[in-house]
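This briefing is intended to accompany the sequence and coordinates shown below.

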Amino acid sequence: MADSDGRQVDGVNHATDKDVKLQEIALAKNEGKELTKEEKQRLRKEKKQHKKNKKDDKGPPEKEKEKEKASVPAPSKPATQSPAHKAAPAPVHASESAAAAEKPAKSKAELRAERRARQDSERTSKQGKKEGGQQSASSKPKATPNELQPVVKRLPEHVQVDDPAALKKLAKKLERQQVPLRSDYGYKVSLFSHLHQYSRKSPPTLQISIPATVIHPSIVRLGLQYSQGIIAGSNARSVALLHTFKQVIQDYSTPPNEELSRDLVNKLSPYISFLSQCRPLSASMGNAIKYIKKEISNIPSQCKEEEAKGKLQACIDSYINEKIILASEAISKYAIEKISDGDVILVYGCSSLVNHILCKAFEKQRKFRVIVVDSRPRLEGREALRRLVKKGIRCTYVLISALSYILPEVSKVFLGAHALLANGYVMSRVGTSQIALVAKAYNVPVLVCCETYKFCERVQTDSFVSNELDDPDDLIVTRNGKSHLENWQTVKSLGLLNLVYDVTPPDFVDLVITDLGMIPCTSVPVVLRVKNVDQ
Amino acid sequence: MPGADKETELSERIEAFLSELKRCGSGAGSLRGSAETARETTSLLRRITAQARWSNAGDLMEIIRKEGRRMTAGQPSETTVGNMVRRVLKIIREEYARSRGSTEEADQQESLHKLLTSGGSSEDNFRQHFTHLKANVIEAINELLTELEGTTDNISMQALEHIHSNEVIMTIGRSRTVEAFLKDAARKRKFHVIVAECAPFCQGHEMATSLSKEDIETTVIPDAAIFAVMSRVNKVIIGTQTVLANGGLRAVNGTHTLALAAKHHSTPLIVCAPMFKLSPQWDSALQELVLRSFCFLLPGEILSKVNAHCPVFDYVPPELITLFISNIGGNAPSYIYRLMSELYHPEDHEL
């Protein structure tokens with residue numbers, strides 16, 4: 001080890017220092033202790049140095065000269081490192097970089113140091129937005145712009161299923177995070193080959209060992225509930241996610257020599273990958289995750305762990321309270337103004353917000369009756385029907401194919417939304433656009449109710465480019481004792497399509513009721529801009 | 001007596017036919033296609049013509065009208081029965097006119113001049129007795145039967161004129177005419193079919209399996225996804241239960257939504273309907289509802305507190321339809337009223 005050419009430049013002292021350090025590392029390894037980051041770094045450097053020395057025999061003096069020059073600017077960078085890594089490592093670092101064999105090894109350390117410095121300066125100037133390497137696997141891109149112009153976002157993984165390179169990248173990332181990869185099921189209709197199609201019979205939790213070591217158990221439970229459809233509906237999913245994160249933060253303990261603000265975010269990344277494998281994340285969940293990450297990275301480094309955890313949990317509670325619970329109260333207030341006595345209101349599927357509005361209006365003694373429209377295969381309208389009938393509201397129940405029959409009686413249509421896109425399109429359960437279309441043909445006003453935390457910066461014009469494909473076996477049904485589609489997999493040219501979402505163009509929607517007030521569909525980007533400026 | 005036996009046998013047959021109609025309507029028996037119903041009605045009418053006792057055309061028309069009223073009352077939504085009765089009445093009028101020697105055109109045309117000058121001479125015209133009237137009428141009814149048997153083939157023969165290669169076609173529910181149409185085109189062209197399943201009976205599933213067996217690329221979608229996928233569809237081809245005199249349709253529920261979605265995307269809507277489905281009757285109050293289908297969808301305690309509707313048919317206005325393909329060729333919806341006047345006599349519109 002002491003034969004390397006580069007060493008001859010340094011003094012003997014450095015060499016001996018280094019030897020001592022290396023011996024310490026070897027000792028630590030033998031004792032089975034986990035190596036600290038700097039020790040790992042040093043080991044890596046040694047290995048690379050070895051390789052390089054074995055390779056080139058010619059021109060070592062030139063190399064030395066280069067390294068000398070490079071070593072001069074190098075010390076300046078390590079000087080700005082975080083306090084934990086000052087003093088002893090700094091000169092060693094310099095010497096190592098001087099002695100270091102390959103340029104890439106050196107530049108990686110330099111880059112990391114640069115990044116640390118940049119992050120520190122960013123945090124001190126209270127911008128706190130994470131860059132590059134800590135992107136999670138969450139499907140919707142969430143880069144809120146700092147500058148006036150929006151940044152073009154990286155394409156999310158879940159719409160690139162037809163690209164083998166993207167799939168390989170995802171597989172590698174999941175392997176690194178120790179999250180199981182879920183495989184697609186069944187024949188996919190050619191128009192949708194860029195999307196995943198999973199089967200409910202093979203949840204990703206099958207491939208996890210019990211007890212799960214990498215993924216927190218409540219996250220595993222949540223993922224299973226998502227993939228089996230036990231928790232459905234964007235509000236329910238977001239609230240469940242936030243509660244689970246509270247639990248995760250409660251159980252979290254900072255490892256030594258790590259900062260809570262950075263490490264917790266890193267811990268959350270595999271959880272988010274796992275959840276998006278169970279079911280692609282919704283826009284509301286994406287916004288919630290962005291908020292949490294921002295809050296975590298805003299925790300000052302002087303904060304003690306218990307205090308920081310308490311602060312984070314309070315943040316999450318206030319988020320749920322403001323954005324979901326109070327928002328629905330505000331929306332109900334606005335919406336009740338729009339409901340008059342004698343109204344016949346049409347609702348579709350089960351939207352928690354719309355059900356809340358109707359229950360509130362009924363409590364305020366408004367006289368109206370409700371028509372619940374339902375569709376196969378989810379038949380979520382039954383749940384809405386149950387809740388409304390329990391309250392005592394007069395209800396009628398039809399399937400979506402009977403829409404033209406029932407619409408002449410209807411005075412208003414209330415719809416819920418999964419997300420509101422920046423070009424004014426409403427993304428909601430499949431069938432919503434159909435209802436809006438037929439309502440428009442009969443001149444019935446269509447009102448969409450949506451909280452502002454579901455506003456999303458994506459733009460989309462049709463239901464194909466980004467959607468979710470549900471289990472195709474759900475379409476199989478038995479009528480008169482026969483189920484014709486039972487063996488659909490055996491027939492080569494037969495495909496089943498079970499879409500989850502669709503987009504409604506803004507000209508079908510008359511009004512959007514949000515917690516900020518009643519706005520037209522095209523004002524969504526205005527609201528987004530106002531929100532960003534506030535933040 | 002042989003005459004009495006024949007009569008009882010005849011009335012037995014009529015009774016059997018009526019009960020068959022009623023059973024099919026309630027869904028207990030096997031679902032019959034309209035073509036089959038039309039053929040059976042026509043053969044029954046031929047039997048009546050052959051075996052009933054009548055001396056002149058007027059009597060025969062009375063008998064047929066009476067039986068026709070009974071049959072349509074048995075299953076009002078099955079309009080093909082009434083249509084066939086009207087066709088036969090028209091045949092009788094024509095044969096009578098031919099036997100009398102007067103030209104057909106003069107009798108058929110309803111000019112204002114004729115209305116003013118003739119004035120109520122139709123009724124007593126049918127009292128003359130002609131020996132060969134019976135034979136002529138039966139022969140004409142035989143021709144009608146042959147025409148009925150060839151309707152599906154005639155429509156399918158036009159398939160290649162309307163479907164090009166790599167097309168995406170959407171259809172809803174199950175129509176035997178459309179099935180034959182698409183299968184005929186699939187023999188020479190490759191295209192993709194999307195079938196909307198049409199809940200709650202989901203006849204679309206049967207259609208899809210039958211089409212995919214002929215190696216046609218088929219996809220089944222739930223009704224809620226009709227608008228979502230419509231932007232990628234090139235043509236919509238549907239069948240119907242009845243074609244109305246204004247060019248509108250009475251088709252299976254969900255068709256109006258499909259037609260609106262097609263109109264929004266400017267996708268042509270083509271209706272494959274044989275001529276025997278053309279009906280002059282429009283009873284807007286008649287909307288058959290089927291409630292039993294909901295017992296498997298809703299739990300009992302909710303079902304008792306809730307009104308549930310399940311209509312069977314939809315009305316589609318003629319503005320949403322692009323083309324009618326029938327056994328006599330392609331027609332625009334605005335031309336249907338003219339075809340109607342050729343098939344039925346205006347006095348038979350009300351049976």
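How many residue pairs are in polar contact between chain B and chain A? The count is 20 residue pairs, with both residues at pLDDT 80 or more. The model is a predicted one. The points below take up the interface, then the sheet that draws on both chains, then a second sheet in chain B.

**Interface between chain B and chain A**

- Chain B contributes 48 residues to the contact, and chain A contributes 51 residues.
- About 4,300 Å² is buried between chain B and chain A, and carbon and sulfur atoms give 66% of this area.
- Two salt bridges are found across the interface of chain B and chain A. In a salt bridge between Asp462(A) and Arg232(B), the closest N and O atoms are 2.7 Å apart.
- On the side of chain B that touches chain A, at least two residues each come from α12 (203-213), β3 (217-221), α13 (226-230), α14 (255-264) and β9 (307-308) of chain B.
- The residues on that side of chain B comprise 26 nonpolar, 14 polar and eight charged.

- An open sheet of eight strands has the order β8(A)-β3(B)-β2(B)-β1(B)-β4(B)-β7(B)-β11(B)-β12(B), with mixed pairing.
- Its edges are β8 (494-496) of chain A and β12 (329-331) of chain B; each has a single partner strand, so one side of each is left without a neighbour in the sheet.
- On average, and with direction ignored, neighbouring strands of this sheet are turned by 25° against each other.
- Where the chains meet in the sheet, β8(A) pairs with β3(B) in the parallel sense over three bridges. Leu494(A) has Thr218(B) of β3(B) as its bridge partner.
- Strand β11 (residues 323-326) of chain B runs antiparallel to β12(B), and three bridges join the two. Here Ile325(B) is opposite Gly330(B) of β12(B).
- Helix α11 (residues 176-186) of chain B lies across β1 (168-172), β2 (192-196), β4 (235-238), β7 (269-272) and β11 of chain B. The helix α11 runs at about 130° to β4(B).

**The four-stranded sheet of chain B**

- Four strands of chain B form an open sheet of mixed pairing, in the order β8-β5-β6-β10.
- β8 (278-279) and β10 (313-316) of chain B are the edge strands; each has a single partner strand, so one side of each is left without a neighbour in the sheet.
- Strand β5 (residues 242-244) and strand β6 (residues 249-252) of chain B run antiparallel and are joined by two bridges. Thr242(B) stands opposite Arg250(B) of β6(B).

Terms used
Residues are numbered from 1 along each chain as its sequence is written. Chains are lettered from A and ligands numbered from 1 in the order in which they are written. This is a predicted model: local features need pLDDT of at least 70, side-chain atom pairs count only at pLDDT 80 or more; totals for chains, interfaces and linings use all residues. Side-chain values use heavy atoms; hydrogens and water are left out. Two strands pair if DSSP finds at least two bridges between them. Axes are lines fitted to C-alpha atoms, for helices over the stretch in contact, and angles run from 0 to 180 degrees between N-to-C directions. Contact means heavy atoms within 4.5 Å. Buried area is the accessible area (1.4 Å probe) that two parts lose on being put together, summed over both. A salt bridge is a side-chain nitrogen of Lys or Arg within 4 Å of a carboxyl oxygen of Asp or Glu. A polar contact is a pair of N or O atoms within 3.5 Å; within protein, one must be able to donate a hydrogen and the other to accept it, and residues adjacent in sequence count only if both atoms are side-chain atoms. Ala, Val, Leu, Ile, Met, Phe, Trp, Tyr, Cys and Pro count as nonpolar, Asp, Glu, Lys and Arg as charged, and the others, Gly among them, as polar.
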